[in-house]
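These are my notebook entries on a structure that is new to me. I went through its pockets and its rings, and I wrote down what I looked up.

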Amino acid sequence: MPRSSPPPAPGRILSLVLAAAGGGALFLAFPDADVWGLVFVAVALLYVALQRRGTWWNGLVGLVFGLAFFPAHLWWSDVAAGVVAWLALSVASALFLGLLGVAWGLARGLRPLSRAGWWDALAFPVLFTGVEAFRSAWPWGGFPWGRLAFSQVDSPIGRLAPLGGTVLVSFVVAVVGTLLGIVTLRAVRLRLVGVVVGTAAAFVLVVAPLSVGLDVLPQAGQLKVGMVQGNVSKPGASAFDNAGEVLRNHLSGTYDLLDHVQPGDLDMVIWPENGSDYDPQQYADVGQAITEAAQAVGAPILVGAQEYPKTGGRYNVSLLWDPQKGVIDRYVKQHPVPFGEYIPLRSFVRHFSSSVEEVQTDMLPGHDPAVMTLPSARLGRDVPFSTVICFEVAYDSIVEQSVRLGSEVLVVQTNNASFGYTAESTQQLAMTRFRAMETGRAAVQASTVGVSAVVSPSGVVLQRTGLFEPAQLTADLPLRTDITPAVRAGEWPARAAAALAALLVVGGMIGSLRRARQRRRLPGER
């Protein structure tokens, strides 16, 4: 039986238009627009745009898709670090989607993938997820911002987070989007059976995760916490120019908690990243002020600060400050932000932007897991909890490792003051919500300026603050000890996605070479 002809590929101009439209749709799937269903449209448009032959052409199509998405998605980096940093980060991220286009062009050398068939609904998502995993790990530890999974906290597909984390959720999203792309191509050719089958399969994949239960009940009691959002007087890059202001605001906010609770009611008070702009271990008066605030509220304070060791550099730290003993536990941020908190290739990069000189002291990485221990007299035991700092919430391994080591609740300390009135903080909140679902843990996102929030283990926002306002929150957080399959699996799903993507590319290259050799054979030659 003769094989059916492949669907007509869009023209070159139309391919680029479809790719740009797909990138725009992907932007709208994330906060603050939050139209999560557009993520499927985005993947479908990219898939259709990549139907033309030509590896490097597909690379250009993927790059256009990325350039239509990342500059808008990462606009906050312009506010915080300037136009050069924003464009560099956006273009670098978009290049990975160009790599996706190249990889897809090569993988189509495999015969089952050569004619836009149903096998594409598995192969294209594998490549998409594999490239996401690669981008999240390389270079300089990667940059996971904008992964498909982080758009799905309000989608039924997001409920797959505890089963397979970001990799599974991104993969299923890409499958649904690819199915819609295949349906579109079949609709053009009036293949009605294929349209019905593909649409039905996509619908089932979207609604089936509603059957996944997300348990929110306490398993080891409840932790009573207060959160302080101190605010700053000048939003943007100069937010910390007024020395001591941030510290004073968070001290004042801690005393304001006593309008909501009695002394001794709370197990812990949470300050955000950089809640103190002076190291309380180095400045005795600062340490004494924090001690007095902790004594007044009757609970330890989790203080975000920076340390400057005598050997050089600086550390971004979380200090658990006891009312009587001072520091009783400490965590150092493992993943400083390249070009934001430290400058790789400084002598080279300064030729392109003078803003690198604003980071005069490079931040050093910590090496211990993001988990601390809180002694709770009320519970009669020590409570381990995650202490994730700012962008670390985007990295699978940091959060998952802390839960495997016993964490019963997630704390995300962040400083969003430099990003102004952008979507950076709400994008970060979406990640915090995803981590709550993935790990089955309640979460608190504590920000200097907002958005701060309390999140249930099912990812539901129970309380939240606005941007650039002083605020306090109190909450009873369910403590949970079950380990989800996603946490147990750790980095293996990402490794598997990357390995399968590489196999598809290598297999496609081998298939193309074999066919090229066959075409070069003379008639009758064996």
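Which helices each supply at least two residues of the lining of the second largest pocket? I found that H6, helix H12 (396-404) and helix H15 (492-520) each do so, where helices (H or I, at least four residues) and strands (E, at least two) are DSSP runs numbered from the N terminus.

Before going on, I noted that this is a predicted model, in which local features need pLDDT of at least 70 and side-chain atom pairs count only at pLDDT 80 or more, while totals for chains, interfaces and linings use all residues. Residues are numbered from 1 along each chain as its sequence is written, and side-chain values use heavy atoms, with hydrogens and water left out.

**Entry on the pocket.** I looked up the volume of the second largest pocket and got about 300 Å³. A pocket here is an open set of points on a 1 Å grid over the protein atoms alone, where a 1.4 Å probe fits, with protein on both sides within 12 Å along at least five of seven lines; lining residues have an atom within 4 Å of a point. The lining holds 16 residues, and Ala133, Ser136, Ala137, Glu491 and Ala494 lie nearest the centre. By class, I recorded seven nonpolar, four polar and five charged residues in this lining, with Ala, Val, Leu, Ile, Met, Phe, Trp, Tyr, Cys and Pro counted as nonpolar, Asp, Glu, Lys and Arg as charged, and the others, Gly among them, as polar.

**Entry on the rings.** I then turned to aromatic pairs, in which the ring centres of Phe, Tyr and Trp (its six-membered ring) lie within 6.5 Å, with planes under 30 degrees apart called stacked, over 60 edge-to-face and the rest tilted. The count by this rule comes to 20 aromatic pairs. One of them is the tilted pair of phenylalanine 30 and phenylalanine 69, at 5.6 Å centre to centre and 40° between the planes. This pair links parts of the chain 39 residues apart, with phenylalanine 30 in the loop between helix H1 (12-29) and helix H2 (38-49) and phenylalanine 69 in helix H3 (residues 55-73). I found phenylalanine 30 buried at 2% relative accessible area, and phenylalanine 69 is buried at 1% (buried is under 20%, exposed over 50%, partly exposed in between, with a 1.4 Å probe and protein chains only).

I also noted one aromatic cluster formed by Trp76, Phe143, Trp145, Phe391 and Phe419.

Technical notes. Grid points are joined across faces, edges and corners, and a volume is the space filled by probe spheres set on the points.
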